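Me: I have a model open and would like to understand the terms used to describe it. Could we go through them one at a time, setting each value against its cut-off?

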Amino acid sequence: MKPQLLKVSNNPVNSFSVRRDNVPYINNRWHYHPEVELIYFKKGNGTQFIGDSIKRFRSGDVVLVGAHLPHYWKFDESYFNDDEKSNADVVVVHFCENFWGSSFLNLPENKSLKLLLEKAQRGIQIQDKSRKQIGELIETILLSEGSKRIITLMDALLAIDNCSNNTVLSSMGFRHDFEETENDRINAIYNYSLTNFKRKIQMEEMAAVANISPNSFCRYFKSRTRKTYTQFISEIRVGHACKLLIEDSMNVKQICYESGFHNFASFHKHFKMITGKSPLSYQKSYLHK
């Protein structure tokens, strides 16, 4: 279940990488890299996997992912349909923690910056209103040259540090030192689950996807992810329900069944357990922003 090591392309002219992606399939595999990743979804909706955290991402989101932390951005199916008008617009920055010199982060003035990058080892989701300003700073890096480029990146990181409502994503106990032979297994499990979560999935079919025995699958999955497969699939279903609630095109009971839950009580229970809110409260919190 090892994530794939991704080689981030760079050039000798710049000390760190920044690019704009307008397609939804760039690096859409479970992967990691030695660089820190700062990503701004100007346009884009889908499911994000960071360590052992599963959440929805949506337009306007800003996420900071620490070095070597596995992650995966799965855009919604509408982005892959030719007849749909869903366009991705993502700006992503990759930088090594010591690209500004080995002693820079140890300067007393940079204590907060160093602590931010340490916290990013678990992934940080920026939640408050300043994410719009941070997104604009990330876009500015694309157009900056020389020292201004580095200064703008620092401005973005310090703005993240000053946010009062950031969420740490992955759990303290998440581990990602998996065996080399398991490289593609997580992708198979994730992709199959994301394709079939609207129906009841049998453990026997997941065991076949993972290419292990049915008796071993549950133990295997929990030992690698620190959660049961039932928890994992519930998080995917609740994430899809969140998307439908924000779109506000169905009533809550329709959303329950469209998200793969087979009774309303179970839907309500799992939704509140994962989001901390009832479906209607969650919907109101977005529609009244």
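Reply: What follows is a set of questions and answers on a predicted model.

Me: What makes helix 4 oblique to helix 7?

Reply: Helix 4 (residues 185–196) and helix 7 (residues 229–247) pack at an angle of about 50 degrees, and their axes are 10 Å apart. Roughly parallel would require an angle under 35 degrees, and roughly perpendicular begins at 65, so helix 4 is called oblique to helix 7. The crossing of the two helices is right-handed.

Me: Which residues meet where helix 4 and helix 7 pack, and how do they divide into nonpolar, polar and charged?

Reply: From helix 4 come Ile 189, Tyr 190, Ser 193 and Leu 194, which meet Tyr 229, Phe 232, Ile 233 and Ile 236 of helix 7. The residues of this contact divide into 7 nonpolar, 1 polar and no charged.

Me: Which residues touch the most other members of the largest nonpolar core, and which elements give two or more residues to it?

Reply: That core has 31 residues, of which Leu 38, Val 93, Phe 95, Ile 138, Leu 153 and Leu 157 touch the most other members. Two or more residues each come from strand 4 (36–43), strand 7 (62–65), strand 9 (89–95), strand 10 (124–126), helix 1 (111–119), helix 2 (131–143) and helix 3 (147–162), and helix 3 gives the most, with 6 residues. Leaving aside residues up to four places away in sequence, Leu 38 touches, among others, Val 62, Leu 64, Val 93, Ile 138, Leu 153 and Leu 157. Another core, of 20 residues, lies apart from this one and includes Ile 54, Tyr 190, Ala 210 and Phe 232. As a general point, nonpolar side chains tend to be buried together in soluble globular proteins.

Me: Which residues of helix 5 are buried, and what do they pack against?

Reply: Glu 205, Met 206, Ala 207 and Ala 210 are buried in helix 5, and the buried residues of this helix pack against helix 4, helix 6 and helix 7.

Me: Why is Asn 211 called exposed, whereas Asp 248 is called partly exposed?

Reply: Exposed means over 50% relative accessible area, and partly exposed lies between that and the 20% under which a residue is buried. Asn 211 has 66% relative accessibility and therefore counts as exposed, while Asp 248, with a relative accessible area of 43%, is therefore partly exposed. Asn 211 lies in the loop between helix 5 (203–210) and helix 6 (214–225), and Asp 248 in the loop between helix 7 and helix 8 (252–258).

Me: What is phi in Asn 211 and in Asp 248?

Reply: In Asn 211 phi is near 65 degrees, and in Asp 248 phi is about 55 degrees. Most residues other than glycine have a negative phi. Asn 211 has a positive value although it is not a glycine, and Asp 248 is likewise a non-glycine residue with a positive phi.

Me: How do you know whether Gln 283 is buried or exposed?

Reply: Its relative accessibility is 10%, and buried means under 20%, so Gln 283 counts as buried. Gln 283 is found in helix 10 (residues 279–287), and it touches Leu 245 and Asp 248, not counting residues up to four places away in sequence.

Notes:
Residues are numbered from 1 along each chain as its sequence is written. This is a predicted model: local features need pLDDT of at least 70, side-chain atom pairs count only at pLDDT 80 or more; totals for chains, interfaces and linings use all residues. Side-chain values use heavy atoms; hydrogens and water are left out. Axes are lines fitted to C-alpha atoms, for helices over the stretch in contact, and angles run from 0 to 180 degrees between N-to-C directions. Helices (H or I, at least four residues) and strands (E, at least two) are DSSP runs, numbered from the N terminus. Angles under 35 degrees count as roughly parallel, over 145 as roughly antiparallel, 65 to 115 as roughly perpendicular and the rest as oblique. A crossing is left-handed if the near helix is turned anticlockwise from the far one by less than a right angle, and right-handed if clockwise. Contact means heavy atoms within 4.5 Å. Ala, Val, Leu, Ile, Met, Phe, Trp, Tyr, Cys and Pro count as nonpolar, Asp, Glu, Lys and Arg as charged, and the others, Gly among them, as polar. A nonpolar core is a set of buried Ala, Val, Leu, Ile, Met, Phe, Trp, Tyr and Cys residues joined through side-chain atoms within 4.5 Å. Buried means under 20% relative accessible area, exposed over 50%, partly exposed in between (1.4 Å probe, protein chains only).
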